[in-house]
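Me: I would like to learn how to read a sheet and the packing around it, taking one feature at a time.

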Amino acid sequence: MKNFSLYIVTDPHYFENKLGASGPAYERRSRTDQKCIAETGAIIDAGFHKIAADKETNVVVLPGDLVYRAEKASHLGFIEKLRALQNQGKKIYVLTARHDYCNDGNTPCGFVGEEEIPAEGTRRDELRGLYYDFGFKQAISEHLPTLSYVVQLTDGIRLLVLNCDGDSKDFKGFYDDQMAWALEQIRLAHESGNYIFATTHYPLLPGSPVMRLIGDAKLTDWEKRANELADAGLDLIFTGHMHMQSLTQYTTQNGNTITDVCTGSFVGCPCAYRKVTFSDTDIHIESFTIEDFDWDKQGKTAAEYFTWRFDRMITDIIDAMAYDFAFFTRLFGGPEKNKKLKIPVTLVGKILQKLTLGGVGRLFWFRVDPSIKDRLLKDTAVEFVRNIFVGNEPYVPGTPMYAAVDTLLRRLHPVLRIAEKKLGAKDPMFADLRGFVLSLIGDENQLDYEATLPFKSYQKQGGDPA
Ligand SMILES: [Fe+2]
Ligand SMILES: [Fe+2]
């Protein structure tokens, strides 16, 4: 097989700025969002420009959340950008997701002055028509009720686009009839000599141990569906939604492994996208981030700007603990609530503003490596959260940070042991809290950006299966 490659671009969340994207209402909304909003047009233009310049790769797959919050104007603006990319020779296949149509948690508006002004939204049944030229038209099979389809990408390789909107409420996943159709598509692909891989919006597998606990971090019935898909011979699925870079594998009792490659948002730290190259023997995955974009970045590089946007979401909360209790309580349910918490919350907030890692070490009688001792605990906590989303979490055994966190958790063991007994009975993951926390700060595999997976060819050569 001749090498074949494609790009994965997910969660571009395009927002049409002419709806209004400035003023206090915009600031309020933007500060609680880890991704960019007004900047999305400029970031998408920069990323698409790079992709268009790669003349050896002519396919782009987008696993959902194409626009910010279902605005019709955002869809129309985004489709213009897709069409421009298509006119430069790219074949584009989109999956739509819950941000692309109006539903309970997704109400379109613009931001003008102090006001959120309602904007025209998009119904789910409009999406196939809007994006007809970007996948649905090329489909060799469709599951119409769920907006799922299959396309032949190249000789010997098919893509299964599996929509997981579910009921647009608690259930995100595949209905039984949709799943039966998907399994049949996998069988038909293999029978006709095609390798087939999939894309869906929500992660099929939790991308980090902590994501097992978060309902919105993976498909509702992920274990069941992972077993069914892997045992049907599907070994690769590209996902999004979590705005995080992760590569996760799951092996069924029958010994079949499926790899979930979750790609970060195109417009949220670290603003990543991937290139995937299929050869006769393997599938190589590499990642890129947006290097620059046309925007007033206040003197920051693009990477610094994205990090600042992400961190602000968390540092605002910690700063409010110390200096603005009213704002803090509004974030968690209203100004009247929990007034008695003002003193302890403010105290913890003020300690967090000043406490360094060296200070933590002194409190618990251990030495922190000089290279990290002056770092604020606050900044370190924010970085730990950010690293889960950025991927390739760096604090593995042998690093000063790993040593400091490990020692702290050992010092806290008498307290942690009580929690381990209680929580461990509910979920074995918590039976070892030290191991759990350490698994969050360091990923020894380091495969979240670059990985090589085996490619299993189904093409018949001389009448014999390869
Ligand atoms: Fe998203
Ligand atoms: Fe999403």
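Me: What order do the strands of the open sheet have, and with what pairing?

Reply: This is a predicted model, in which local features need pLDDT of at least 70 and side-chain atom pairs count only at pLDDT 80 or more, while totals for chains, interfaces and linings use all residues. Residues are numbered from 1 along each chain as its sequence is written, and chains are lettered from A and ligands numbered from 1 in the order in which they are written. Strands of a sheet pair through backbone hydrogen bonds, either parallel or antiparallel. Here the open sheet of 7 strands runs E7-E8-E9-E10-E11-E13-E12, with mixed pairing; strands (E, at least two residues) and helices (H or I, at least four) are DSSP runs numbered from the N terminus, and two strands pair if DSSP finds at least two bridges between them. Its edge strands, each pairing on one side only, are E7 (141-143) and E12 (246-251).

Me: In which sense do E8 and E9 pair, and over how many bridges?

Reply: E8 (residues 148-154) and E9 (residues 157-161) pair in the antiparallel sense over 5 bridges, and Gln152 stands opposite Arg158 in E9.

Me: Which strands does helix H6 touch?

Reply: Contact requires C-beta atoms, placed from the backbone, within 7 Å. Helix H6 (residues 176-191) packs on the sheet, touching E7, E8, E9 and E10 (195-199), and its direction makes about 175° with that of E9; axes are lines fitted to C-alpha atoms, for helices over the stretch in contact, with angles from 0 to 180 degrees between N-to-C directions.

Me: Which residues is Leu159 in contact with, leaving aside its neighbours within four places in sequence?

Reply: They are Val61, Tyr93, Val150, Val151, Leu153, Phe197 and Thr199.

Conventions. Contact = placed C-beta atoms within 7 Å.
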